[in-house]
Amino acid sequence: MIDVAKEVLLEVKNITKRFGGIVAVDHVSVTVNRGEVVSIIGPNGAGKTTVFNMLTGVYEVDEGTIRFKGEEIQNKKPKHIVEAGISRTFQNIRLFSDLRVIENVLIGAHIKTDYNFFQSVFRTKKFRDVEDEKTVEAIRLLKSIGLDHRRDDYASNLPYGDQRKLEITRAIATGAELILLDEPAAGMNPQESAELMAFIRHLKNEGYTILMIEHDMSVVMNISDKIYVIDHGKPIAEGLPIEIANNPKVIEAYLGGVHNDA
Amino acid sequence: MTERIKRLINKEDDCCQDTIKPGAGTLHKIEVFTDKNKFSLGLAAAALLIALPFILGDQYLLTVIVKIGAYAILAMGLNILTGYTGLVSLGHAGFVAIGAYTASLLSVRLGADFFTATLAGMVVAGLVGVVLGLPTLKVTGTYLSIITLGFGEIIKMIAMNWATVTNGTLGVKNIPKPSLFGFDMTVGNFGMYYLMLALVIITAVFCLMVVKSKTGRAFQAIRADEMASTMMGINITAYKILAFVISACICALGGSLYATVIGYIDPNTFNFDVSTLILSIVILGGMGTIRGMFVGAAILIAFPEVSRFLMEYRFVLYGVILVIMMRFRPQGILGWKSTLPYKLNKRVREEIEKTEAKETAGD
């Protein structure tokens, strides 16, 4: 694609999170431009998931600001953050496993399904219109993802790779512009991660912006536009994949650290 | 490690899901059959239900059937909370009592007619439902069950000790029969049966409408995973309270019907046994299904009646049945997941076909 002027979608400045005396995240800053795939990496316990939890309103931010589309969203309720356009997946897949694939996607579209309780009880025209529209949208989304043949299956019956895809699809269904992926390749074999990479590229081409936490270096190095590295809650490096791969600090954090368990 | 194991298990599922298990196959056939013939089966069921009092013609049997209907309503109420939203309540007798007392006292003392009094009972129960729903913001699981258990006992104590209003342990006597356009409904003239039938159908349709909407999906999402539901933008607090309110209103309706059928209530009518009985119906019939509530109520209400000859041993048998159920069919008698495809209505199907046609034309 032709290089258009970069629009900043998410701007995280110096966010800090303390749990008692422990500083889990210490002045971390991240900038994500529209249409980019940005990764946050770091050894176990570095505070990556804590960053995600602050971005999505699960944890309160002790210091710093989070701007999404120019608007401050730190310490807002998860509901308002989803409405603003940020959605996430989880490290350990959290699907509504006893519901069908399409129902999972429809739940993703919950906040966009705008009829009230009484309209649904009396099956008014508004209810039928909105419900049909959302169902059609859900099926179209499933088709574009390549999961439509699984539409009627229960989520728990899906193979692992498809469960990941469904979780991402459900996040997209919220209408999010920024999708946070928490270790999408966790527990995947090389073939599955390769498929996942192709899938994330596909999403990027569709215009979604992705911020992800990942351990799988082949995935991170191949698809990221920019990488942030944090260790013990502190930012230690940022840059292009090639810069990160050769950064001595990063190599030390991964290979020379005391807490390394590899 | 666990991820790895999970993946292995899922892989296995993936390779084997095309082979149909024998049990699942039969179920699928039954479901396809009922779905195909739903119109004629529905008609047959309607005819049977309308003709039932004339076929039986027996006061005692009809009273039992009306009681089954009342309990089916109570179970449908609890099912919204426990079956769909996943919050186990051990104190639903409290809501039944609120409905029954409010409606009975209004009709006995102020001469209100059954329908107005019942509506008032539902409103009061709904408000109390909000109050009981509030602690659910903080507690989950077993702790919530204990709070509801306490709630049931508190309501019983209030009924017992607030004698100026509730008449204390003496209870409320001579609860009038419902009357519609001057027609008094009793079990004898079948009026009570048809009233029960109408209320059961209204409740079932209401539950179905709630469940098959974004509200029902939000309830089930909360049951499956609260954290993930929050991240979908679902207001967990609001939906949990809504589940409590709906559940309370339906149980109040059932309570009011029960009171007018029996004609007499006292605080012990609504003891802990009633709460467990309602919960047993929900579990036995199949949590999270509406069909299960009828079967559960029919079995658990009819069983003590048909097994009267066993004297007090029937309660032993009752326990044995529940234990066997839990061992061999924990999902409940009718608690299966549908094997039929997700239902799309005509408009949705046409819309999808249209886009597909466009895509192939584009290629």
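Biologist: Which residues in H13(B) meet residues of H14(B)?
Modeller: In this predicted model, the partners on H14(B) are Gly292(B), Met293(B), Val295(B), Gly296(B), Ala297(B), Ile299(B) and Leu300(B). The residues of this contact comprise nine nonpolar, four polar and no charged. On the H13(B) side, the residues that meet them are Leu277(B), Ser280(B), Ile281(B), Val282(B), Leu284(B) and Gly285(B).

Biologist: How are H13(B) and H14(B) oriented to each other, oblique or parallel?
Modeller: Helix H13 spans residues 272-285 of chain B and helix H14 spans residues 291-306 of chain B, and their axes come within 7 Å. The crossing is right-handed. The axes cross at roughly 125 degrees. The two helices, H13(B) and H14(B), are therefore oblique.

Biologist: Is the crossing of H4(B) and H9(B) left-handed or right-handed?
Modeller: Helix H4 (residues 59-84) and helix H9 (residues 191-211) of chain B have axes that come within 9 Å and cross at roughly 15 degrees. An angle under 35 degrees counts as roughly parallel, so H4(B) is roughly parallel to H9(B). The crossing of H4(B) and H9(B) is left-handed.

Biologist: How many nonpolar residues has the contact of H4(B) with H9(B)?
Modeller: H4(B) contributes residues including Leu62(B), Ile65(B), Val66(B), Ile73(B) and Tyr84(B). H9(B) contributes, among them, Met192(B), Leu197(B), Val200(B), Thr203(B) and Val211(B). By class, the contact of H4(B) with H9(B) has no charged residues, two polar and, as the number asked for, 18 nonpolar.

Biologist: What is the radius of gyration of chain B?
Modeller: The secondary structure of chain B consists of 16 helices and two strands. For its 363 residues the globule rule gives 21 Å, and the value for chain B is close to this, so chain B is as compact as a globular protein of that length. Along the principal axes, the C-alpha atoms of chain B fill a box of roughly 75 × 50 × 45 Å. The radius of gyration of chain B is 23 Å.

Biologist: Where in chain B is confidence lowest?
Modeller: The mean pLDDT of chain B is 87, with 93% of its residues at 70 or more. Confidence is highest in helix H10 (residues 214-224) of chain B, at a mean of 96. Over residues 8-21 of chain B the pLDDT is below 50, and this stretch has seven contacts in the model beyond near neighbours in sequence. With a mean of 46, the element of lowest confidence in chain B is helix H1 (residues 2-16).

Biologist: Which element of chain A has the lowest mean pLDDT?
Modeller: Chain A has a mean pLDDT of 90, and 95% of its residues reach 70 or more. The highest mean among its elements, 96, belongs to H3(A). The lowest, 80, belongs to helix H10 (residues 248-256) of chain A.

Biologist: What is the radius of gyration of chain A?
Modeller: Chain A has 10 helices and 10 strands. The globule rule gives 18 Å for 262 residues, and chain A is close to that value, so it is as compact as a globular protein of that length. The C-alpha trace of chain A spans about 65 × 40 × 40 Å along its principal axes. The radius of gyration of chain A is 19 Å.

Biologist: At what angle do the axes of H5(A) and H6(A) cross?
Modeller: The axes of H5(A) and helix H6 (residues 160-173) of chain A come within 11 Å. H5(A) passes H6(A) in a right-handed crossing. In this contact Ala138(A), Leu141(A), Leu142(A) and Ile145(A) of H5(A) face Lys165(A), Thr169(A), Ile172(A) and Ala173(A) of H6(A). The crossing angle is roughly 135 degrees.

Notes: Residues numbered from 1 in each chain as written. Chains lettered and ligands numbered in written order. Predicted model: local features only at pLDDT ≥ 70, side-chain atom pairs only at ≥ 80, totals over all residues. pLDDT = per-residue confidence, 0-100. Helix = DSSP H or I, 4+ residues; strand = E, 2+ residues; numbered from the N terminus. Axes fitted to C-alpha atoms, helices over the stretch in contact; angles between N-to-C directions. Parallel < 35°, antiparallel > 145°, perpendicular 65-115°, else oblique. Left-handed = near helix turned anticlockwise from the far one by under 90°. Contact = placed C-beta atoms within 7 Å. Nonpolar A, V, L, I, M, F, W, Y, C, P; charged D, E, K, R; others polar. Rg over C-alpha atoms; globule rule 2.2 N^0.38 Å.
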